[in-house]
Amino acid sequence: MNSQTDAKVGVFICKCGANINSIVDCENVRGYASQLPGVTFSICNDYLCSPEGLSQMREEIKKSGATSIVIAACTPRICEKIFRDNIEKTGLNRNMLQIANIREQCSWVHANEPFKATEKAKNLVKIGVNRAKTLLPAEGVDVELKQEVLVIGGGVAGVEAAYKLAELGFKVHLVERKPMLGGNMATMFTCLLWCHEAPGKPQSLNFRFGTFPACDCSGCTIMPKLNDVIMHPNIDILLLSEVKQIVGHVGNFKVKVLKKPRFVDEKKCVGCGNCAVVCPVVKKNEYDYGLSKRKAIFMPYQQALPRKYVIDKDACLRLNGQECSACLEACEFEAPNFEDHEQEIDLEVGAIIIATGFEPYKPRIHGYLGYQEYDNVITIMELERMLDKAGPTGGIVVRPSDRKIPKKIAFIQCVGSRDRKISAGYCSKVCCMYTMKNAQAIKEVHPETDITVYYIDIRAVGKGVEEFFHRTREDYGVEYTRGRPAKIIEDKETKNLIVRAEETLLNKITERMYDLVVLSVSLVPSEGSQELASMLRLRTSPDGFIQEAHTRMKPVETSMEGVFVCGCAQGPKDVPESIAQARAAALEAAVLLSRKVAKAESLNAFIETEKCIGCGLCIDICPYGAPIPIMTESGMKMKITEALCRGCGTCVASCPAKAIHARQFTDDQIFSEIKAALEAE
Amino acid sequence: MDISHARKEFIISEKERLLEEIPIVDEECNRDFIRAIIEMGGGDVQVCLQCGNCTGVCPVSLKTENKVRNIIKMCQMGLKERVLSTPWVCATCHRCYEHCPAGMNPAELIIALRHIVVRELGPPPFVVSISNNVANLGQAIEISDKILDLRKKIGLNEKPFDERYRSKAIMDIKTIMKATGYDKLIGIDLGD
């Protein structure tokens with residue numbers, strides 16, 4: 001690890017238009033750099049990252065025969081790859097580049113002190129030059145990319161991404177925890193009621209309800225897509241399955257999936273429902289949020305796709321040691337299979353798309369809004385199920401306490417959203433609109449219903465959404481009152497609810513009586529998504545959703561290469577956005593895999609085998625699982641899998657024998673930097 | 001509500017009674033006030049979403065014109081003069097704090113405002129008299145002759161406390177008041 005004694009360093013200084021040059025005197029820095037020992041040339045350019053700047057860079061490198069390059073410009077996060085690719089074209093090794101950040105860490109932060117900023121830029125360039133002399137060339141590793149993709153989550157985003165990839169010819173494994181596809185969107189199903197012309201209504205009211213803002217039926221929209229996915233030869237659907245383990249790296253992830261038993265043969269079941277008729281066990285249907293009853297052998301809801309029954313292991317008499325074979329006797333096709341068992345499925349995939357979606361927030365039991373304490377306080381998801389023509393109440397909204405049709409309904413916004421007591425206080429983005437949609441739907445069936453919406457702010461952004469808000473107030477006569485309700489009091493006899501709130505625009509306390517209160521609950525990350533994120537070592541944002549790699553430029557990539565995120569797993573969003581993001585994620589995965597072979601950046605660590613004492617500390621400490629033990633003649637030694645290593649340096653710091661070195665952060669390199677930084681002028 | 005009475009009054013009155021409000025202008029808005037509140041322990045009023053939940057749960061909101069949400073809004077705008085002239089009716093029950101979705105503590109804000117008022121405008125008379133009672137008698141309310149008579153009548157000891165312990169406690173209270181500078185702040189004479 002000796003430094004290059006005869007290093008010829010070329011220095012490029014980027015003015016970045018006025019971004020750097022208006023503060024830092026770039027010509028001054030250039031003159032200073034050209035006198036540093038070992039520097040063969042030093043050049044200024046207006047925009048180094050422009051095609052002209054890059055071609056000038058190549059020419060100068062070729063002309064001078066420089067052996068390593070220093071670029072004083074913006075942060076490496078922006079242009080590092082472009083610059084490395086560019087110097088590689090001249091025949092130089094791509095690792096022979098050192099970036100001195102004179103924009104974010106100099107001109108931007110010292111905008112008031114141009115003279116001192118220039119001095120700092122000189123120093124940064126000097127440090128860079130000193131380090132450039134110690135750089136080591138390294139070759140990246142070729143990684144073969146498996147032409148298969150794992151999509152986790154069978155909601156609208158996951159299904160869309162899977163379908164697009166399958167159409168492109170990739171083999172897709174679609175893992176879904178529930179016994180059916182479609183996720184939350186498929187449970188919002190108000191199509192059947194609205195597929196007729198509503199007489200005497202303005203033309204604008206003549207649409208179907210389901211998802212906003214166009215109000216077309218969500219079932220009609222998602223069903224054809226689900227059918228396409230179920231029939232697609234390239235898609236392997238794993239229902240009732242959970243990802244248990246993921247190891248590996250971009251292009252080669254090894255995945256363990258646990259497939260739970262359905263106890264019904266998927267190939268034989270035709271979904272006729274004869275089995276459910278005879279099944280003696282009755283339970284509350286969790287897929288209808290307890291609004292309806294189901295049997296031990298059941299279909300989650302009527303339009304569930306694929307139309308296959310499933311047996312509840314905990315409820316079934318036969319599976320709990322009792323004598324019963326009612327369903328088996330009733331089935332013409334002998335589909336129930338009590339011998340079904342858990343399976344572990346091993347997959348090898350090149351890329352992973354996370355589409356784990358959201359869960360509706362469960363308001364605190366016996367919390368101040370009285371959810372699950374008062375019968376007539378329900379959440380929006382229960383209302384969605386009631387509005388489903390094929391749902392528990394046949395498309396009619398009723399009071400759970402007495403099954404009567406409510407005359408006065410209150411919607412309470414921001415339950416769980418914008419609440420810093422229970423989360424990071426994020427806005428769930430879609431609740432304002434789903435409330436409008438459902439209020440309109442109720443008004444369509446029972447126009448005499450009084451609806452009041454308690455809100456803090458209405459966020460009706462997006463194409464056509466403000467107009468949708470107008471229609472809700474103007475055409476449907478829904479009242480909006482600004483104020484977060486303080487409490488709900490139940491009238492013990494009538495089970496009516498008194499909502500106490502400040503009408504903040506009037507400065508008055510109101511106490512108004514309602515037959516039904518609907519809580520517009522927030523969207524929270526679905527159960528298990530945190531475990532999945534830690535399994536894949538993904539960053540999550542403070543709200544608990546998965547953090548994208550860059551909020552603007554890399555919206556579907558994650559902190560892990562080869563792992564993409566789409567839909568509500570990344571944050572609350574509506575269906576069109578989920579679809580757009582799913583397609584973007586599918587495209588990114590396809591672009592990655594279509595290269596067939598990828599080069600891993602050579603930022604990795606390496607082990608001096610002679611020094612290694614085989615203690616294995618690096619194995620425990622590595623966040624990427626890169627070090628592996630190997631048996632050699634001189635005993636157990638460690639080896640770093642280059643394709644896995646991300647060059648974080650944790651193992652380097654922990655190695656008791658000082659046997660591990662990070663290729664771009666050797667002691668030599670760091671000390672040369674420190675030396676230059678501390679050197680007196 | 002019966003509106004006929006109001007209507008009648010309006011018709012028979014000679015002219016409409018109109019308010020004489022003036023707009024709030026820049027001179028009145030002093031955003032440094034937000035920092036002053038933070039320094040007094042009132043927290044950052046800028047986190048407030050103005051949702052009105054605090055007013056909804058406030059036990060005294062129906063008794064005040066300036067409800068707790070309005071006070072926070074005035075603080076956000078820096079309307080120092082207006083805020084400091086609002087009445088002191090907060091019961092500091094902290095229900096607002098329990099409910100606030102923004103994690104603010106409006107009760108602590110009111111306490112901070114009281115600190116600011118006392119320092120800048122001096123204590124209101126009732127605070128001075130109560131503080132004097134605490135310093136000299138060991139309790140906020142003076143026991144009147146009526147109460148002493150009543151005690152005697154129903155067969156209680158004439159004095160509700162043991163004089164030996166009481167004088168010790170009063171000494172302690174005075175020591176605390178001196179140590180914290182409370183006596184000077186409120187303007188009570190503790191003697192020596």
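**Stop 1: the interface**

Start by selecting chain A and chain B together: 18 residues of chain A are in contact with 23 residues of chain B. Keep in mind that this is a predicted model. About 1600 Å² is buried between chain A and chain B. Carbon and sulfur atoms give 46% of that area.

Now stay on the chain A side and pick Arg420(A), Lys421(A) and Arg484(A). These three lose the most area to chain B. Together they account for 31% of what the chain A side buries.

**Stop 2: charges and polar pairs**

Which residue of chain A forms a salt bridge with Arg69(B)? Select Glu502(A): its salt bridge to Arg69(B) has the closest N and O atoms 2.9 Å apart. Across the interface of chain A and chain B, the rule finds one salt bridge. It also finds 13 residue pairs in polar contact there, with both residues at pLDDT 80 or more.

Next, color two strands of chain A: S23 (497–503) and S24 (508–514). These are the elements that give two or more residues to the side of chain A that touches chain B.

**Stop 3: a helix pair in chain B**

Select helix H2 (residues 32–39) and helix H7 (residues 106–121) of chain B. Their axes come within 9 Å and cross at roughly 100°. H2(B) is therefore roughly perpendicular to H7(B).

Show side chains here. H2(B) brings Phe33(B), Ala36(B) and Ile37(B) to the contact. H7(B) brings Leu109(B), Ala112(B), Leu113(B) and Ile116(B).

**Stop 4: another helix pair in chain B**

Move on to helix H8 (residues 125–137) and helix H10 (residues 163–180) of chain B. They pack at an angle of about 130°, with their axes 7 Å apart. H8(B) and H10(B) are therefore oblique to each other.

From H8(B), select Ser131(B), Val134(B), Ala135(B), Asn136(B) and Leu137(B).

**Stop 5**

Bring chain A back for the last stop. Most residues other than glycine have a negative phi, and most peptide bonds are trans. Two places in chain A are worth a look against that background.

Zoom to Leu305(A) and Pro306(A). A cis peptide bond joins them, with omega about -5°. Pro306(A) sits in the loop between strand S13 (297–298) and strand S14 (310–311) of chain A.

Then go to Phe263(A). Not a glycine, it has a positive phi of about 65°. Look for Phe263(A) in the loop between strand S10 (252–259) and helix H11 (274–278) of chain A.

Methods:
Residues numbered from 1 in each chain as written. Chains lettered and ligands numbered in written order. Predicted model: local features only at pLDDT ≥ 70, side-chain atom pairs only at ≥ 80, totals over all residues. Heavy atoms only, no water. Contact = heavy atoms within 4.5 Å. Buried area = accessible area lost by both parts, 1.4 Å probe. Salt bridge = Lys/Arg side-chain N within 4 Å of Asp/Glu carboxyl O. Polar contact = N/O pair within 3.5 Å; in protein donor to acceptor, adjacent residues only side chain to side chain. Helix = DSSP H or I, 4+ residues; strand = E, 2+ residues; numbered from the N terminus. Axes fitted to C-alpha atoms, helices over the stretch in contact; angles between N-to-C directions. Parallel < 35°, antiparallel > 145°, perpendicular 65-115°, else oblique.
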